Amino acid sequence: MTAESAWLLPILTLGAAVILASGSLFGFAKRLPDGGSWLAVFAIGAGLLLYFPIAGDVIAHGPQHLAIPWVRVGDTQLSFGVTVDALTVVMLGLVTFVATCVVVYSTGYMQGDPKYGRFFAYLGIFTFSMIGIVLSDNLFSIYMFWELVGLSSYLLIGFYFYKDSAADAQKKAFLTNRVGDIGMWLGILILYSQFHTFGYREIFEHIKNG
């Protein structure tokens, strides 16, 4: 297990979220063992276990990078990339550990809820998005994952949307995030106008060389 295999962590959580969301949508989630919560626990817990060999590989061999070309717009090549360095290792360990604790606790806390499977689907999307932010190697993909964090936060905050308190909190979160997201996107565009790239490494290299 090398650091370049870190892309498996978000894929595991996304896969579990898609299965649970489909189960909730088409009505077979309740027929899964424990309402499908075991699937979320397995996916997120596996991410925590895989973290340790990834961290060990970075410590032994230094930072690693993997990029898959996605689409070209003019002279700009957009890609989905993974960068694993010392800072990534710290944040990846924090995110996977906290997410594992949350999903294990939630299996008991949400027990008996009629939308049990749907909650774990939302939690899986949130975890997928957070891991994606940590691993992203460029500003464009980090913005996409940040928007998914906002979406999953909106869904989790308003999970009991039929309650006025949850619906009001959901609306406030949505409006606050939209204001912040506009500022974030403007900042990304300003950086792109100066460096003509979204990649962290290229931007840092430009700054380093003046």
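Biologist: Which strand does Val84 lie in?
Modeller: Val84 is in β2, the strand covering residues 76-84. Keep in mind that this is a predicted model.

Biologist: And is Val84 buried or exposed?
Modeller: Buried, because its relative accessibility is 1%, and buried means under 20%.

Biologist: How far is the C-alpha of Val84 from that of His65?
Modeller: Those two C-alpha atoms are separated by 6.3 Å, with the residues 19 apart along the chain.

Biologist: OK, new topic: helix packing. At what angle do α1 and α2 pack?
Modeller: The angle is about 180°, and the axes are 9 Å apart. That makes α1 roughly antiparallel to α2, since the cut-off for that label is an angle over 145 degrees.

Biologist: Which residues make that contact?
Modeller: From α1, you have Leu9, Leu12, Thr13, Ala16, Ile19 and Leu20. The α2 side brings in Leu39, Ala40, Ala43, Ile44, Ala46, Gly47, Leu50 and Ile54.

Biologist: How many of them are nonpolar, polar or charged?
Modeller: The α1 and α2 contact has 12 nonpolar and 2 polar residues, with no charged ones.

Biologist: What about α3 and α4, how do those pack?
Modeller: Their angle is about 175° with axes 10 Å apart, so α3 and α4 are also roughly antiparallel to each other.

Biologist: Who meets whom there?
Modeller: On α3, the residues are Thr88, Met91, Leu92, Val95, Thr96, Ala99, Val102, Val103, Ser106 and Thr107. They meet Tyr116, Phe119, Phe120, Leu123, Thr127, Met130, Ile131, Val134 and Leu135 of α4. By class, the contact has 14 nonpolar residues, 5 polar and no charged.

Biologist: Thr88 is on that list. Is Thr88 buried or exposed?
Modeller: Thr88 counts as buried because its relative accessibility is 7%. Beyond its neighbours within four places in sequence, Thr88 is in contact with Thr83, Val134 and Leu135.

Biologist: Let's talk cores. Which residues have the most contacts inside the largest nonpolar core?
Modeller: Leu20, Val103, Phe119 and Phe120, in a core of 16 residues. At least two residues come from each of α1 (8-26), α2 (37-61), α3 (86-109) and α4 (116-135). The most comes from α4, which gives 6 residues.

Biologist: What does Phe119 touch?
Modeller: Leaving out residues up to four places away in sequence, Phe119 touches Ser106, Met110, Leu156 and Phe159. There's also a second, separate core of 14 residues, with Leu9, Ile54, Val58 and Val134 among them.

Biologist: Now the loops. Where is Asn138?
Modeller: Asn138 is in the loop between α4 and α5, with α5 running over 139-157.

Biologist: What does the side chain of Asn138 reach?
Modeller: The backbone nitrogen of Phe140, at 3.1 Å. Not counting residues up to four places away in sequence, Asn138 also touches Ser79, Gly81, Phe198, Gly199 and Tyr200.

Biologist: Last one: what's the phi of His196?
Modeller: Positive, about 60°, although His196 is not a glycine. His196 is in the loop between α6 (164-195) and α7 (200-208).

Biologist: And is His196 buried or exposed?
Modeller: Exposed, because its relative accessible area is 57%, and the cut-off for exposed is over 50%.

Key. Residues are numbered from 1 along each chain as its sequence is written. This is a predicted model: local features need pLDDT of at least 70, side-chain atom pairs count only at pLDDT 80 or more; totals for chains, interfaces and linings use all residues. Side-chain values use heavy atoms; hydrogens and water are left out. A nonpolar core is a set of buried Ala, Val, Leu, Ile, Met, Phe, Trp, Tyr and Cys residues joined through side-chain atoms within 4.5 Å. Buried means under 20% relative accessible area, exposed over 50%, partly exposed in between (1.4 Å probe, protein chains only). Helices (H or I, at least four residues) and strands (E, at least two) are DSSP runs, numbered from the N terminus. Contact means heavy atoms within 4.5 Å. A polar contact is a pair of N or O atoms within 3.5 Å; within protein, one must be able to donate a hydrogen and the other to accept it, and residues adjacent in sequence count only if both atoms are side-chain atoms. Axes are lines fitted to C-alpha atoms, for helices over the stretch in contact, and angles run from 0 to 180 degrees between N-to-C directions. Angles under 35 degrees count as roughly parallel, over 145 as roughly antiparallel, 65 to 115 as roughly perpendicular and the rest as oblique. Ala, Val, Leu, Ile, Met, Phe, Trp, Tyr, Cys and Pro count as nonpolar, Asp, Glu, Lys and Arg as charged, and the others, Gly among them, as polar.
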